[in-house]
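Please look over the sequence and the 3D structure shown here before reading on, and keep both at hand while you work through the points.

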Amino acid sequence: MKKKLKIVFLLIALSLFGIIAFQVYWSINAYHVNKNKFDADVDMAMQKAMDDCKKDYFDSIRVVLVRRLSDTAVKIKVDTLHEKDTINVMLHIMMSNRFTSLGQPLAVTIPELNFYRKKINHKATLPEVLTEMSFYAPSVMNDFTIVLGMYDIQAYPKQFAAFKAYNDTHIIVPEDTMLKLNRGMDNSIYGFPKNFRQADSLKLSNYLRIELGNNHINAPFSLSFSTKTTQPNKLNAHYSETGEYSYKYHGFKMFHIIGPEFFARAIFRSPQRAVLKTMAITLVLSVLLVILTIYCFFYIVKTFREQRKLSELKDDFINNMTHELKTPIAVISVAIEGLQKFNALNDLEKTQRYLQTSKNELSRLNDLVTKVLNVAAYENKEIDLVMEAINVDDIVNEVIASEKVKSDKKVSFTFTNKDNIKTVNADKLHFRNVLVNLVDNAVKYAKEPVNVVITCYRSGSQVCFSVKDSGPGIAAVHLGQIFDKFYRVPTGNLHNVKGTGLGLSYVKYIVEAHGGNVTAKSEINTGSEFIVCLPLNNG
């Protein structure tokens, strides 16, 4: 049996280990899958943030161009060509200012012009239509930068002179030098807003945060802005970064006017929090599954141990019951044999003695059968309590008298009703059996001379009955189990006192059925005290 149990435990342990290992493997694999998705999502968010910056940039350029082209300093002249094609009428548009003009007019048909006009949500002016057109036709934007650029150069002669002098003496003009030379040209196409680097970084950061929020990603990040391309770092479980994207959405840099081109990437140094957050429900369910599996394992182990213990207790019970039943049967058989074979019938005194012995043994046999039947009854919840007011003094004295008659030991009983309680509401038959079990145990397990003290007293809203003996006592380690069915305090392979292990289990069940409780106190070599407390409805 032990070998089989070990095999079962080993198989369960292996199964448990396999489930936990699989859950751990699955969780790690799921983390990597979600981490790869996180990397892809943040990179897509970065691209969208760059697109948002680009849109903002074109909106601001649109405002500048419309304002500059609408200025009286810029002359826009439209000529209509008279040709046979009356549907696609060709227009020549000339732009000029007091410093320069286009060498060739801008040729565009009326349908083309109307196409760009429809992209504007209001009644558009010619500068607005031409500005819209320039975003789709690079040649038009090039014409604008020539006309406006020449004007700005002439309008800022001091800065232009410094720039020209430097340019004449240097074959290559570094970008940062050009930016220094154009200071003071803030309202020109060569000018840049103050702190434009910080402004660009802040704008991209805000848009990236919005796009991450749209993807339900809440992870701290930092932006890397560089004037040169950089090598990407290797992604791992604890590090993420986006691709590096060109950023030139400041001034007129998009249209090849001076200004630095930045290379931006977003860096996530603690992505695992965001990744684990997306896996929260899955991980919680996985952990709960593992905990449930572990609990089931220990519950199965506990159940096996309890069943094994119960099996041992039942075996012990059967052995004890066999001896308990054989003893009265053997005594009765001997008495009958004596009456039959040794002419005891002619001896009236001997006959009476044999008959009384047989009667006592039959009474003992009846008690044993009654105990077993009572246990079977309360185990099947078949006991119906008939509650009535029982005189406390009468029932205790009745139990004492009964025990004195059947005991073959020298016993001294002391009964005290401290609070002079008259009655207790209980089932007379079963409550008497409770007291009989406790008193019988007190007498059986104590050595002569036996002293049993029974005390009745009030404790709050309960009436308590204490049965105290002078027996060998019970070790503390066993006190929590003495009310279990079939349990007997171990004394090795030999039980000097015969019993079934059912008495105290029956006592506990009956007392709790009355709404009360039973407790035990004991010290080795001092004795034991059992206290039964019932609700005090009458007294």
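What follows is a short briefing, grouped by topic.

The model discussed here is predicted. It holds one disulfide, and a search of the whole structure finds 16 aromatic pairs. The points below also take up an open sheet of five strands and the crossing of helix α3 with helix α4.

**Cysteines**

- The disulfide joins Cys464 to Cys533, with a distance of 2.2 Å from S to S, and both of these cysteines are buried.
- The torsion about the S-S bond of Cys464 and Cys533 is about 105°, and the disulfide is therefore right-handed.
- Because Cys464 lies in strand β12 (residues 462-468) and Cys533 lies in strand β14 (residues 527-535), the pair ties together parts that are 69 residues apart in sequence.
- The sulfur of Cys456 has its closest cysteine sulfur in Cys464, at 8.2 Å, which is too far for a bond, since a disulfide needs the two sulfur atoms to be within 2.5 Å.
- Cys456 has a relative accessible area of 0% and is buried, and Cys53, at 0% relative accessibility, also counts as buried.

**The sheet that carries the disulfide**

- The open sheet of five strands has the order β9-β11-β12-β14-β13, and its pairing is mixed.
- Its edge strands are β9 (411-417) and β13 (517-523), each of which pairs on one side only, and from one strand to the next the twist averages 15°.
- Strands β12 and β14, where Cys464 and Cys533 lie, run antiparallel and are joined by seven bridges, and Gln462 stands opposite Pro535 in β14.

- Strand β1 (residues 75-80) pairs with β2 in the antiparallel sense over six bridges, and Lys75 stands opposite Ser96 in β2.
- Strand β3 (residues 106-109) also pairs with β2 in the antiparallel sense, over four bridges, and Ala107 in β3 is the bridge partner of His92.

**Aromatic rings**

- A pair of aromatic rings is described by the distance of the centres and the angle of the planes.
- Among the 16 aromatic pairs is that of Tyr57 and Phe58, whose ring centres are 5.6 Å apart and whose planes stand at 65°, so the pair is edge-to-face, given that planes over 60 degrees apart count as edge-to-face.

**Helices α3 and α4**

- Two packed helices are described by the angle between their axes and the distance between the axes.
- The axes of helix α3 (residues 126-134) and helix α4 (residues 138-155) come within 7 Å and cross at roughly 120°, which makes α3 oblique to α4.
- Where the two helices meet, Leu130, Thr131, Met133 and Ser134 in α3 are in contact with Pro138, Val140, Met141 and Phe144 in α4.

Technical notes:
Residues are numbered from 1 along each chain as its sequence is written. This is a predicted model: local features need pLDDT of at least 70, side-chain atom pairs count only at pLDDT 80 or more; totals for chains, interfaces and linings use all residues. Side-chain values use heavy atoms; hydrogens and water are left out. Buried means under 20% relative accessible area, exposed over 50%, partly exposed in between (1.4 Å probe, protein chains only). Two strands pair if DSSP finds at least two bridges between them. Axes are lines fitted to C-alpha atoms, for helices over the stretch in contact, and angles run from 0 to 180 degrees between N-to-C directions. Rings of Phe, Tyr and Trp (its six-membered ring) pair if their centres lie within 6.5 Å; planes under 30 degrees apart count as stacked, over 60 as edge-to-face and the rest as tilted. Angles under 35 degrees count as roughly parallel, over 145 as roughly antiparallel, 65 to 115 as roughly perpendicular and the rest as oblique. Contact means heavy atoms within 4.5 Å.
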